[in-house]
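Please examine the sequence and the structure shown below.

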Amino acid sequence: MRWLKKGFLFSGIALLLLSLAACNKAELEKVKVGEVTRSIFYAPQYVALEKGFFEDEGLSVELQTIAGGDKTMTALLSDGIDIALVGSETSIYVTAQGSNDPIQNFAQLTQTDGTFLVAREKIENFSWEELKGSTFLGQRKGGMPQMAGEFVLKKHGIDPTKDLTLIQNIDFANIATAFASGTGDFVQLFEPTASVFEKEGKGYIVASFGTESGHLPYTSFMAKSSYLEDDAKTVQSFTNALKRAQDFVQEKSSAEIAKIIQPYFENVDIVVIETVVERYKSQGSFATDAILDEAEWDNLQTIMEEAGELPQRVDYEKLVNTTFAKKAAE
């Protein structure tokens, strides 16, 4: 009978633990996040998810990938998601269209452009002058990659409309395929595609647009002003978890980070993931904290203006809320 009582005791304890675990899980507050694409560029976000940093802050983050900045912002405006991870330029576009509930950037994730210049042939001692007279397969017009790309070309004395043949009418998802099939001498690509092409001999990375364009709020977490006000505690918890992940990415090796985020890139070789993480780390693409500063905001608008895509200049204080990021950094 004693062993039977012990059995009941152990069973009771197990049920109690399971019950407590279920209750704790039920108490987590759900936050719906929409990312504009799935990218190693967003490594700190995946680290926060995999390491349980959001759960430690009492949050259950539901992440979905919504292809395209316009669709991501539509989901945010219609309350399909609570928080959007997308280029900061989209908040300016939305503001220009008029809004009674402005979209505000509250936590920066990346602080440089994330694309690379890939050449069809291997080039030793590359010079930007080599793009003159070439066919350049660029990114979609109006998007941050295209604007940063043209900004860099102009910085090196290249007029995108006169000095080369610029192709911009190919959908984002098909740019890499178009280059692989023979279109263009140079192409502007995100990772991990750029590194995969290099590994397969389809192209060779010769320059970084991120290094050349300087610091800017390339990708930020943003939400409606009303959400930031009504759910301030939730937003603070979210930003705290993100800061933990940012610190982790800065402190740990690229190999360790690659292993953690691999579940989000099942079709990408672990060696490629590590290479990409290291490349982004070495050029300072991952923001070291979530604070979007005014100099970065001004650089963003300058790049948009030079590309002819800035509808109007918007004051830093109107679309940037650093309250949560500054508190998380304390």
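Rings of Phe, Tyr and Trp (its six-membered ring) pair if their centres lie within 6.5 Å; planes under 30 degrees apart count as stacked, over 60 as edge-to-face and the rest as tilted. Ring pairs of this kind link Phe41, Tyr42, Phe116, Phe190, Tyr218, Tyr280 and Phe286 into a cluster. The model is a predicted one, in which local features need pLDDT of at least 70 and side-chain atom pairs count only at pLDDT 80 or more, while totals for chains, interfaces and linings use all residues. Residues are numbered from 1 along each chain as its sequence is written, and side-chain values use heavy atoms, with hydrogens and water left out.

**Aromatic pairs**

In the whole structure, a search finds 17 aromatic pairs. Two of them are set out here.

| Pair | Centre to centre | Angle between planes | Class |
|---|---|---|---|
| Phe106 and Phe238 | 6.2 Å | 70° | edge-to-face |
| Phe221 and Phe238 | 5.1 Å | 75° | edge-to-face |

Helices (H or I, at least four residues) and strands (E, at least two) are DSSP runs, numbered from the N terminus. Phe106 belongs to strand S4 and Phe238 to helix H11 (residues 232–251), so their pair ties together parts that are 132 residues apart in sequence. Phe221, in strand S10, is 17 residues apart from Phe238 in helix H11. Phe106 and Phe238 are buried, and Phe221 is buried as well; buried means under 20% relative accessible area, exposed over 50%, and partly exposed in between (1.4 Å probe, protein chains only).

**Charges over rings**

A charge sits over a ring if NZ of Lys or CZ of Arg is within 6 Å of the ring centre and within 35 degrees of the ring normal. Arg120 lies over the face of Phe179, at 4.0 Å from the ring centre. Phe116, a member of the cluster, has the charged end of Arg279 over its ring, 5.7 Å from the centre.

How many residues of strand S4 are buried? In this strand (residues 103–110), eight of eight residues are buried. Two strands pair if DSSP finds at least two bridges between them. Six bridges join S4 to S10 (residues 219–224), and the two run antiparallel. Within this pairing, Ile103 stands opposite Lys224 in S10.

**A loop residue**

Asp269 is placed in the loop between helix H12 (254–261) and helix H13 (270–282). Asp269 counts as partly exposed because its relative accessibility is 36%. Its C-alpha atom is separated by 9.9 Å from that of Ala258, 11 residues apart along the chain.
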